[in-house]
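Let's walk through this model together, from the overall layout down to single residues. Keep the viewer open as you read.

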Amino acid sequence: MNEKTTFQHGLEGSLTEIIRAVPNDAEVICSIRDAAWMGTYPNEELGITLEDVRINAQGLNGEFVPRRIAWFKQKIAEDDENWVAYVGKIDNDVRGFVVASRNDEGRRLVNSIYVEPGFQGKGLGRKLMDKALDWLGGEEDIYFEVASYNDAAIRFYERFGFEKTENKVEEEPDRPSYITPIPQIEMILKPASNQIA
């Protein structure tokens, strides 16, 4: 199923579409994620440097990148009914993506959403989130984890009705010691609040 949404973009004359990701999108998805991480997650107050974020995203010597690309290619190719990735294209170039899933317990998640830094704030993220929320459906709670200090992202999710929870986001138990953890909070979208204010 190749669902597609097309709309005029905020950029003059640009045509944007939201479409299911294909395996060949894996490399650009990972590139956008890394660029967004490095532009967002360094935090002087918390002592999280750009190099810390680079290592977190890519590994000490970039070893995480090919593994993540291979994982995305395989996951997209599986066409799993409980996992989906959409890409946002502007004039046929992928500029953002969103991943959503339902886990084994039926918990609905927006796993990640990133827009290439130069294309943020122009409506692409909103269209990607709309597509993910539509795929997840509005009858159950939807969860998302976000960096606790990423105020712009938190405000973005709040516009969709997400609210912060008191639930602690656990660190990955097998995280290598050289990875600097990025503190996260959980947000939830309740069924009754599935409307943007």
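Predicted model: local features only at pLDDT ≥ 70, side-chain atom pairs only at ≥ 80, totals over all residues.

Residues are numbered from 1 along each chain as its sequence is written, and side-chain values use heavy atoms, with hydrogens and water left out.

The chain holds 5 helices and 8 strands. Here helices (H or I, at least four residues) and strands (E, at least two) are DSSP runs, numbered from the N terminus. Reading from that end, the order is β-β-α-α-α-β-β-β-α-β-α-β-β. Of the 197 residues, 46% are buried, where buried means under 20% relative accessible area, exposed over 50% and partly exposed in between, using a 1.4 Å probe and protein chains only. Contacts are heavy atoms within 4.5 Å. Among the chain's contacts with a separation of 6 or more, 63% come from residues 24 or more positions apart.

Now for the helices. Two packed helices are described by the angle between their axes and the distance between the axes. The axes are lines fitted to C-alpha atoms, for helices over the stretch in contact, with angles from 0 to 180 degrees between N-to-C directions. Take α1 (residues 26-40) and α2: their axes come within 9 Å and cross at roughly 155°. That makes α1 roughly antiparallel to α2; angles under 35 degrees count as roughly parallel, over 145 as roughly antiparallel, 65 to 115 as roughly perpendicular and the rest as oblique. On the α1 side you'll find R33, D34, W37 and M38, meeting L50, V53, R54, N56, A57 and Q58 of α2. These residues split into 5 nonpolar, 2 polar and 3 charged, with Ala, Val, Leu, Ile, Met, Phe, Trp, Tyr, Cys and Pro counted as nonpolar, Asp, Glu, Lys and Arg as charged, and the others, Gly among them, as polar.

Back in α2, the buried residues are D52, V53, I55, N56, A57 and Q58, and they pack against α1 and α3. Just past the helix, G59 has a positive phi of about 90°.

Beyond neighbours within four places in sequence, N56 contacts W37, F64, R175, I179, T180 and I182.

Y178 sits in the loop between β7 (163-168) and β8 (184-189). At 32% relative accessibility, Y178 is partly exposed. Y178 touches I55, L60, E63 and F64, leaving out residues up to four places away in sequence. Y178 and D52 are 126 residues apart in sequence, yet 8.6 Å apart in space, C-alpha to C-alpha.

Finally, look at strand β2 (residues 15-20), where 5 of the 6 residues are buried.
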